[in-house]
Amino acid sequence: MASTRFPPHFAQTDHRQRSLNQMRSKQLSLEKYIYLNGLKGRDSNLFYDILLENMQEMIPILYTPTVGEACVNYSHIWRRPEGLYVSIEDKGRIRDVLATWPNFNDGRIAVVTDGSRILGLGDLGANGLPISLGKLDLYIAGAGIKPSSTVPICLDLGTNTQRYLDDPLYIGVRRPRPLAAEMDEFMDEFMEAMKEVFPTLLVQFEDFSTDNAFKYLERYRHQYRVFNDDIQGTGSVILSGFTNAARLSSAASGLPPSDHKILFLGAGSAGIGVAKQLLSFFTLSGLSPEEARSRIYTVDSKGLITANRKGLQEHKKFFARTDYDGPALTDLVDIINHVKPTALLGLSTIRNAFTEKVVKAMCALNSRPIIFPLSNPVALCELDYQDAIEWSDGQVIFASGSPYKPLSHNGVMYEPGQGNNMYIFPGIGLGAILSRTRHVSDAMVEQAAIALANSLTEEEKAAELVYPRLARIRDISAQVAFAVIRQAQKDKLDDNAYLRTLPDSDLLGLIHDKMWQPSALQLRSFTRL
């Protein structure tokens with residue numbers, strides 16, 4: 001590098017602060033995303049150094065909600081190669097394509113999307129790569145996964161979104177998505193090639209369409225090291241938040257934990273995945289699996305899901321009600337009055353679906369109603385925090401999928417919870433990597449949720465928070481990773497026998513020691529020629 005590239009007194013200035021100021025000078029969130037993307041390409045060490053010091057500010061830019069806008073516009077804001085595309089046209093030579101990834105021997109974790117259901121924004125095709133990039137940035141920031149060990153992948157399988165097929169700048173293959181048989185053949189070849197090229201790698205599926213999300217998780221979870229964050233990660237983080245919310249609600253009402261009832265608006269992969277994970281709340285409270293299932297109700301665009309509905313999709317049958325055979329219940333307030341839930345959870349991607357009437361109906365039934373509008377991004381959220389506080393007069397126990405700021409109501413400050421998967425998936429990933437687990441079991445995901453629920457400090461409990469503050473994410477991820485490792489050992493799925501010999505305190509210390517940190521930023525002056 002030519003010495004004249006640096007001004008003579010550059011080293012006497014704070015380039016970290018300069019870069020941060022440049023990012024903050026951008027008016028639009030997408031402009032900030034583009035700037036940070038460029039900074040990562042120019043100086044990844046500086047990028048991660050700034051990210052670790054400013055996570056509260058930067059995570060909403062690098063991930064939800066801004067990453068959704070980045071994906072929608074990715075063909076137009078593309079600057080440089082960032083991840084690995086595997087195309088439907090690569091069938092028969094997928095292994096060769098994967099082997100082009102630099103330093104593939106270092107690969108430990110991949111986030112794989114096919115762009116078919118990005119954050120509730122629909123089929124974005126090859127524009128979905130930023131979701132994999134953003135997720136891996138959170139693995140790095142949240143759990144100290146080494147950047148060089150991460151592999152962002154977008155499966156370019158075509159798109160059924162016509163405006164992308166008509167866009168001359170669209171960067172993906174121009175064809176409709178494959179039918180099931182062709183897709184299955186592609187995925188089978190892809191997963192086997194991943195195992196051959198990256199033998200120690202954990203695969204996280206991200207934002208596949210609902211049916212494919214369930215299908216490929218079940219197809220591969222016992223054969224490869226794979227999990228689906230939309231199904232298992234979301235379910236785990238909501239289980240944790242709900243556990244703490246139910247504690248607060250029961251303290252106000254005197255209701256035993258096992259008597260809670262949960263109503264879900266939204267029955268896609270995320271909604272059903274969360275609902276299945278919340279079965280653990282009831283079984284841990286002493287109910288049988290069948291009793292636990294009876295405490296959960298699901299609603300889709302056609303209303304309360306009942307077993308006698310014709311043409312019911314397979315994944316919706318598990319929670320379909322068999323105890324109601326009256327006229328179809330389609331109005332959410334009517335459904336609330338019928339079910340009498342203590343908790344209302346939204347994964348519908350329907351903006352403002354939880355109206356004032358809905359919130360007041362929940363308040364009429366509960367002294368401290370639990371309302372979690374979990375759809376991302378904010379533009380698709382079922383309920384804004386300010387409305388929730390005002391309409392419930394501050395009694396709501398609230399957590400959302402996207403971030404909201406604290407606010408004051410009648411002289412009292414209220415701090416919202418955010419059911420951010422970042423609380424869970426970095427720790428699951430780190431625990432799986434360190435334990436060298438062969439599979440990610442349901443029990444490992446459940447123990448991750450319990451660890452998160454128990455990670456609240458006394459001050460956070462006093463503030464009636466349902467989630468810890470994100471500023472402590474690495475400590476939280478260490479606790480989650482610890483729980484995952486110990487459960488992998490109980491399940492006899494771990495291949496790292498050494499960790500079995502460590503006492504708990506030493507294992508927790510090792511987890512912290514394994515977390516990657518960017519090297520100290522070193523700026524030196526150069527003699528000008």
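Predicted model: local features only at pLDDT ≥ 70, side-chain atom pairs only at ≥ 80, totals over all residues.

**Pockets**

I started with the largest pocket, where H12 supplies the largest share of the lining, four residues. Residues are numbered from 1 along each chain as its sequence is written, and side-chain values use heavy atoms, with hydrogens and water left out.

My terms: on a 1 Å grid over the protein atoms alone, a pocket is an open set of points with protein on both sides within 12 Å along at least five of seven lines, a cavity is a set where a 1.4 Å probe fits but cannot get out, and lining residues have an atom within 4 Å of a point. Points are joined across faces, edges and corners, and a volume is the space filled by probe spheres set on them. Helices (H or I, at least four residues) and strands (E, at least two) are DSSP runs numbered from the N terminus.

I got about 1000 Å³ for the largest pocket. It has 50 lining residues, and Arg117, Leu347, Ser348, Thr349 and Ser375 are the closest to its centre. Helices H11 (210-220), H12 (229-253) and H13 (269-284) and strand E7 (296-300) each give at least two residues to this lining. I sorted the lining into 14 nonpolar, 23 polar and 13 charged residues, with Ala, Val, Leu, Ile, Met, Phe, Trp, Tyr, Cys and Pro as nonpolar, Asp, Glu, Lys and Arg as charged, and the others, Gly among them, as polar.

Next, the second largest pocket, at about 630 Å³. Of its 25 lining residues, Gln56, Pro403, Tyr404, Lys405 and Gln418 lie nearest the centre. Helix H4 (55-62) and strand E14 (417-418) are the elements giving two or more residues here, and H4 gives the most, with four. This lining splits into 15 nonpolar, seven polar and three charged residues.

**Cavities**

How many cavities of 30 Å³ or more are there? I count two.

The largest cavity holds about 60 Å³. Among its lining residues I noted Tyr33, Asn37, Glu82 and Asp137. H2 (29-42) and H8 (129-143) each supply at least two residues of that lining, which divides into five nonpolar, two polar and three charged.

The second largest cavity has about 50 Å³. Tyr33, Asn37 and Glu82 turn up in this lining too, and H2 gives its largest share, three residues.
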